[in-house]
Amino acid sequence: MAVNMPGGVFYLKKYGMEILMACLLLVSFFFLSREAAQVAGTMSSNTGNKKYQSENLRTILVDVGHGGADPGMIGVGGLEEKGINLEIALKVRDVLEKKGFTVIMTREQDEGLYDQDSRNQKAQDMQRRIALIKECKPVLCVSIHQNSYQDSAVYGPQVFYYEDSLQGKKMAELIQTELNTRLEVKRPREAKGNKTYYLLKRSESVLNIVECGFLTNPQEAELLQTEEYQQKVAEAVAEGICTYLEQQDIK
Ligand SMILES: [Zn+2]
């Protein structure tokens, strides 16, 4: 702009050096800040901390899988996942509240988080679960689900975490251990990393998906419908969470 002004040549001569210096300064500032951002990015992906900055250290979000038009997995005798999820999740809520936590539930009834007239209810339902986590900033989330498999002999609880999340992995291992011990699982599984599940990918808080058992295994499906077994599952999940928070120095 300056060189097109009348007397531009004089202007350029007189101020050229200053303009050049200012440009150099701007350029170096740009590169420095870019580098700083890259360093910060590397650090956060190493520790996994940046993604998980919670403001509410006593708030836990319990996500209840499926609901409403979405029954989830169908097990033996037409047993629907959504109902078992809710029964167990409500027990998880109760145990955590007794321990002094504030618990946010994604649903407390047989309903999804979608609008009835939504064109894609499933997508809207999932997006709203993620939006709720973003809004509430809980210290952590557990998403309660039930598994299924074509081979009805397969059974046992399985906890999933986002593969790149150190904290997610720690929490998953603790919950998995509690479930394996308290439910006396004969062939215990290990917590499993995953990079494709929508909730694991998108959650801004540490999140574990807890598959409590297989609705396709007749014995486990039977157990998962009893108050007693559901209570055991809930206590195992809550205990794993508490141990995790103690290890993070959040009590
Ligand atoms: Zn499910």
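Residues are numbered from 1 along each chain as its sequence is written. In this predicted model local features need pLDDT of at least 70 and side-chain atom pairs count only at pLDDT 80 or more, while totals for chains, interfaces and linings use all residues, and side-chain values use heavy atoms, with hydrogens and water left out.

Reader: Is His145 buried or exposed?
Author: Buried means under 20% relative accessible area and exposed means over 50%, with partly exposed in between, using a 1.4 Å probe and protein chains only. Because His145 has a relative accessibility of 12%, this residue counts as buried.

Reader: Which side chain is joined to that of His145 by a polar contact of 3.1 Å?
Author: A polar contact is a pair of N or O atoms within 3.5 Å; within protein, one must be able to donate a hydrogen and the other to accept it, and residues adjacent in sequence count only if both atoms are side-chain atoms. For His145, the partner at 3.1 Å is the side chain of Ser143.

Reader: In what order do the strands of the open sheet run?
Author: Strands (E, at least two residues) are DSSP runs numbered from the N terminus, and two strands pair if DSSP finds at least two bridges between them. His145 is found in strand S3, residues 138–147, and S3 pairs with strand S1 (residues 56–64) in the parallel sense over 6 bridges. The open sheet has 6 strands with mixed pairing, in the order S2-S1-S3-S6-S4-S5.

Definitions and conventions
Helices (H or I, at least four residues) and strands (E, at least two) are DSSP runs, numbered from the N terminus.
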